[in-house]
Amino acid sequence: MKTWSRVLLPAMCGLLAAVAVQAADYRTQYAEQWPLTLSSAQSGAYRVVLEPAIYRRAGTADLSDLQVFNAAGQSLPSALLAPDQPLAQPPVQRELPWFALPPLAEAQRNDLQLLTERDTDGRVRRVEARVSGGAAASGQGGWLIDASVLGQQPVAALVLDWADSGQPLQAQVQLDASDDLQHWRPIGRDIPLVDLQRAGKRLLQRRLQVDGEARYLRVLAQGDARLPTLRSVLAELPPAPATLPWEWLSLEPTSQGKGEYTFEMDGRFPVARADVASTDNSLVQWTLFSRDDESAEWQRRSAPWIAYQLQQGTQGPRQQSAAQPLGGVHRDRYWKLVANPAETATAPSLRLGYQPEVLVFLSQGAAPYALAVGSTTARRMEAPIGVLIEELRQRNDPSWQPTLARLEGSPEPLAGDAALQPQRDWKAWLLWALLGLGVLVVGGLAVSLLRQKPAPSA
C-alpha cells in the first residue's frame, strides 16, 4: 500500500497541475486574437469598436466570448457597451436670465413673496421680492433663475459665473425648483461653491446638478455663507444623442417557397433595422421573422410593412421605402421574409442594418494588449464599466471618454476552429476520477492499518 501511495499521489498532483495550467492558458480556449493599437499609451480605459470580422468569429449570441488580455495573459476588466454609451457628446449650454434676491434669515425663506412681471410665454421680465412681516435685516441673499426660456427641455446642471474678487470663497447653498414661483421643491442642500487660489493655481466649483425639468430655480445661501457677485448663469442641457453611421449586410435567399424566402447570416451582428431590395420595380407587403436555431420556432421581428422600389427610366432617380426599425437588437442566424401577396416577381435581397458595438476595458499590466474572440468554454465576466464612465464624468469632466484602441493587422491564430466546437467537460470527469482514486487510496491505507496486529502487551 505504501508503494501505491508513493506512485499514485505524485501522479494525481501532476494531473491536477496539468488541469490548472490548461485552464490558465487562454490561448487554448479561443479561436484567435487581434493585436490592439492604442491611440495613447497613458490612459486608464480604452474602447474598441467591433469590426465585422469580430462578429463573424464570435461563437456566442451575447458576445460573451470576447476578452482583452495583457502581455502576461491576464484578462482585463471589460464590458460590451452600446455604440454611443462610451462616447461623450459636448454639453449644450444656454444663458439664462437671473435676478438677485434680498438677504433673508433662515426662518423667513418660506415667507418670501415674489412679485413678478411676466410676458405671455411665462418668461420673467422683472422681480420684486418681499418678505411677510417686513423686510429682512440680516441673513444672506441668493438668485432667482428663469429657466422657462428653455421650454420643456430638461436641465442637467447650472453653471455659475462670478467676478473674481481675489478673496477665497467657500460657501454652501441650497437649490430649489418651482413651476409657478409660489410652490418650491428642494433639489439639493449643502452644495459647495468654491473659488480658491494658491501659487498661481485656482480651484473652482461652480456647477449645480439639476437633472430635471423646472421653469424656475432659486439658489439660496446656507448659514452665514457669503455669496460672490454673480455675472451670468448657464444652463447645461443634456447632450444630443451621438450620430452614428449604420452598417448594412445584404443577404441573398438560401431557399424560397411560395412567397417565403429564408436567409442565413454569418455572424452575431446586432441587427436593429431591416430593408428589402429587388432588381426591378416592386410593391410588396413584407413581414420579417428570425430564429437562432433551425429547429426553433420563427419569431416575428416586424409588423407588416409596405416596401416599394420605383425607378423611372434607366437614368432616373430610384425611389424606395424607408428601412424598418425592429424594436430591439437581434443576433439570430436565420431570417425569413413572408410576402403578401405571395406572388412576387423576383426574389428579394434582405438588408439588415446594425451599429457596431464597443468593448471598453481597463488597462492593467503591461502592453501589448490583444482581443481574443471565439470560444465555447470561456466567458467574459462583465465589469461595471458603464457605472465607472458616469462616475468619472460627474466627478471630472462631462466630456471624458475612453481612449480609442484599434484592431491592428491580421488576427493571430490560437486554438482555431477547435475552440468553437462543442467540448466535452473532460476536466470535470478527470477531477472526479482523481477524487475517486484518492478515496480508494485512503480506504486502502485504512484497511491496511486495521489489519495490522497490535503489539503484545508486556
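Q: Where is Tyr308 found?
A: Tyr308 sits in strand 23; strands here are DSSP runs of E with at least two residues, numbered from the N terminus. This is a predicted model, where local features need pLDDT of at least 70, side-chain atom pairs count only at pLDDT 80 or more, and totals for chains, interfaces and linings use all residues. Residues are numbered from 1 along each chain as its sequence is written, and side-chain values use heavy atoms, leaving out hydrogens and water.

Q: Why does Tyr308 count as partly exposed?
A: Buried means under 20% relative accessible area, exposed over 50%, and partly exposed in between (1.4 Å probe, protein chains only). Tyr308 has 40% relative accessibility, so it's partly exposed.

Q: Is Arg331 buried or exposed?
A: Arg331 is buried, because its relative accessible area is 13%. You'll find Arg331 in the loop between strand 25 (324–330) and strand 26 (334–340).

Q: Which backbone oxygen does the Arg331 side chain reach at 3.1 Å?
A: That of Ala61. The backbone oxygen of Arg268 also lies 3.1 Å from a polar atom of the Arg331 side chain.

Q: How many residues does the largest nonpolar core have?
A: In soluble globular proteins, nonpolar side chains tend to be buried together. A nonpolar core is a set of buried Ala, Val, Leu, Ile, Met, Phe, Trp, Tyr and Cys residues joined through side-chain atoms within 4.5 Å. Here, the largest one has 41 residues, and Leu50, Trp286, Trp335 and Leu371 have the most contacts inside it. A second, separate core of 29 residues includes Trp143, Val173, Ile191 and Val210.

Q: What is Leu50 in contact with?
A: Contact means heavy atoms within 4.5 Å. Leaving aside neighbours within four places in sequence, Leu50's partners include Tyr55, Pro356 and Leu371.

Key: Helix = DSSP H or I, 4+ residues; strand = E, 2+ residues; numbered from the N terminus. Polar contact = N/O pair within 3.5 Å; in protein donor to acceptor, adjacent residues only side chain to side chain.
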